[in-house]
Amino acid sequence: MRIKKNDLLPSTRWSIVYIVVIPVVVCIFAGWNAYQRISEFEQAHYRVAKSTTEIVASEISKRIKDRQRSLSVFAKREEKLLYAISRSPDNEKLKIELNNKIKESFPNYFAVSLADREGIPIIDDFDGFVGELCEEDLKLHAKGMPQPMRVHPNTQQYHIDIIVTWNHDDGKAKNEINGGLLFVSFVPDFLFRLLELSNAPRHELMLINNTIKDLIEITEIGSRIILDRNDYRLTEEEKKRILFSSPVENSAWDLVAFRDETLFSEYRNYIISFNVFLLSFFILVSILMVALLLRIEKRRISAEETKEEMFSLFNHDLRAPLNSIFGFLEIFTATDLCTKNPEKCKHLANRAFDNSLVMREIIDDILDVQKMEAGEMSFDFGEIEIISVIKDTVEMNESHAQMNNVNLLVLSDESVIYIKADERRIKQAITNLLSNAIKYSPVNETVTVSIDREKSGVTISVSDNGPGIEEDFQALVFNKFAQSKSKLTRRVGGTGLGLAIVKHIIDAHKGVVTFKTDPDKGTTFIINLEF
Ligand code: ATP
Ligand code: MG
């Protein structure tokens, strides 16, 4: 397959494909990796929440059982006293004794009371702390049903009740009360301290009532009375933060672990921003690499074009004058023209000389362009008097103008203007402009070179009355090998290097070269040089 000059090389095309594919692959990988890491993080927190709630829930039920056991032991030990109170519920002395004994065994108890076997309180509420829930629990216990542990609201202290059965039979009283229920209310501080100590970092444990929907019972700061909120039920937002929930045996509670509000979003944001950064970096590197590759390709294509232009230059512009020189030399050596007709011989020798000059100019231009591109064109800057330099240049081109029947004219209001420039290169640039102006000027017309002093420099204009430069071509005139296809200008020869060399020389002088053109009036090339 033949690759067209302007096509990208297959290797470059594939490199670009790879460079574009890599960020896509990185993008997929980054997305997958982000998803994995986020779900691993969330799973790890679920696992921690699961094991914490399971362990703490069993610890809570163990501690409650321990209290029940201790109270049963107490009731057994004090059955006589309990019996005595049940027989004389108004005996204040006995009640005080019971209170004191309870205080000794359970220092942080809140209230104590006695009930009969049916759960009906025997003594009027000791301290007025027996509420509806307490009575319900007593009845449940009396019916032999497990009393679910729950928080009992109270104006003074939200508490939990532990109820045990006691018996006393001294054989005397047949129909009298010889057993009943003892219950002691406890401040649930042992529970909230346990919650506080067992919390995993950025997790919060709460005991939630599972019979009254979403009711908060105990948090790590205490039972719900001390919470700073109007509603003790879980909000929808709180429900979304539940990581795991384990039921607490023999209670109306679920132990629930919540994550804090920003735990997952913070990590998600961190992972996403990290991956976005990584991806942006890859995309940026890819864009830079594609840009670099395209730049290299552009240079390659331009080198390719230059090579082709060179071949066509050698083929046409150098071969033609060389062939004619060859022809003349053949005549001189193979015939006796020079002895027989010296005049004709001289004429042909002059034409051969002119052709060799053309060839030298072309070769000089090619070498200049080559130096230009390698950045090796040499300049020798010095103080020069520009008017005399221009006049010299015009004089040098006089014979060329005469051969084309064109007049040359230099105009300047000044006598001397000094600027800093390379005289040889300025002459070369002006010669190139003159050569074009002479080439395109109609016969017997005048090519004018004007030199004007400006505020900060000098302006040199080369004007002709030629056909002008057509609009389509104007943007290309300073490109190397650029030659108009127009019928008006293509009849004259040239390589298309002259103006590219002019531009390079003037750029090296930090000057500006522009042109004005009009099909009816001709063309003026203008050079501005600083002092
Ligand atoms: P070279 O100068 O290398 O012998 P060239 O004259 O064709 O060849 P340039 O001097 O670079 O190349 O000019 C490029 C093209 O610009 C010319 O071929 C011509 O089409 C156009 N051009 C340049 N000067 C003039 C002008 N004064 N009038 C009309 N067209 C011009
Ligand atoms: Mg030219």
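The largest cavity in this predicted model is lined by Ser61, Ile64, Lys65, Gln68, Met149, Glu249, Asn250 and Ser251. On a 1 Å grid over the protein atoms alone, a cavity is a set of points where a 1.4 Å probe fits but cannot get out, and lining residues have an atom within 4 Å of a point. The volume of the largest cavity is about 60 Å³, where a volume is the space filled by probe spheres set on the points, and grid points are joined across faces, edges and corners. A search of the whole structure finds one cavity of 30 Å³ or more. The lining of the largest cavity comprises two nonpolar, four polar and two charged residues. In this division, Ala, Val, Leu, Ile, Met, Phe, Trp, Tyr, Cys and Pro count as nonpolar, Asp, Glu, Lys and Arg as charged, and the others, Gly among them, as polar.

Residues are numbered from 1 along each chain as its sequence is written, and chains are lettered from A and ligands numbered from 1 in the order in which they are written. Local features need pLDDT of at least 70, side-chain atom pairs count only at pLDDT 80 or more, and totals for chains, interfaces and linings use all residues, while side-chain values use heavy atoms, with hydrogens and water left out.

The second largest pocket (an open set of points with protein on both sides within 12 Å along at least five of seven lines) holds about 290 Å³ of space. Its lining consists of Lys298, Arg299, Ile301, Ser302, Ala303, Glu305, Thr306, Glu373 and Lys480. Helix α7 (residues 263–334) gives the most to this lining, with seven residues. By class, the lining of the second largest pocket has two nonpolar, two polar and five charged residues.

Helix packing was examined next. Helices (H or I, at least four residues) are DSSP runs, numbered from the N terminus. Axes are lines fitted to C-alpha atoms over the stretch in contact, and angles run from 0 to 180 degrees between N-to-C directions. The axes of helix α1 (residues 10–77) and helix α5 (residues 189–198) cross at roughly 155° and come within 11 Å. The two helices α1 and α5 are therefore roughly antiparallel; angles under 35 degrees count as roughly parallel, over 145 as roughly antiparallel, 65 to 115 as roughly perpendicular and the rest as oblique. On the α1 side, the contact (heavy atoms within 4.5 Å) is made by Thr52, Val56, Glu59, Ile60, Arg63 and Arg67, and on the α5 side by Phe190, Leu191, Leu194, Leu195 and Ser198. Six nonpolar, two polar and three charged residues make up the contact of α1 with α5.

Helix α10 (residues 386–396) packs against helix α12 (residues 423–440) at an angle of about 50°, with the axes 9 Å apart. Helices α10 and α12 are therefore oblique to each other. Among the contact residues are Ile386, Val389 and Ile390 of α10, and Ile426, Ile430 and Leu434 of α12. The contact of α10 with α12 has eight nonpolar, two polar and three charged residues.

Helix α9 (residues 342–374) and helix α15 (residues 498–508) pack at about 45°, with their axes 10 Å apart. That angle makes α9 oblique to α15. Asp365, Asp368, Val369 and Met372 in α9 meet Ala500, Ile501 and His504 in α15. The contact of α9 with α15 has four nonpolar, one polar and two charged residues.
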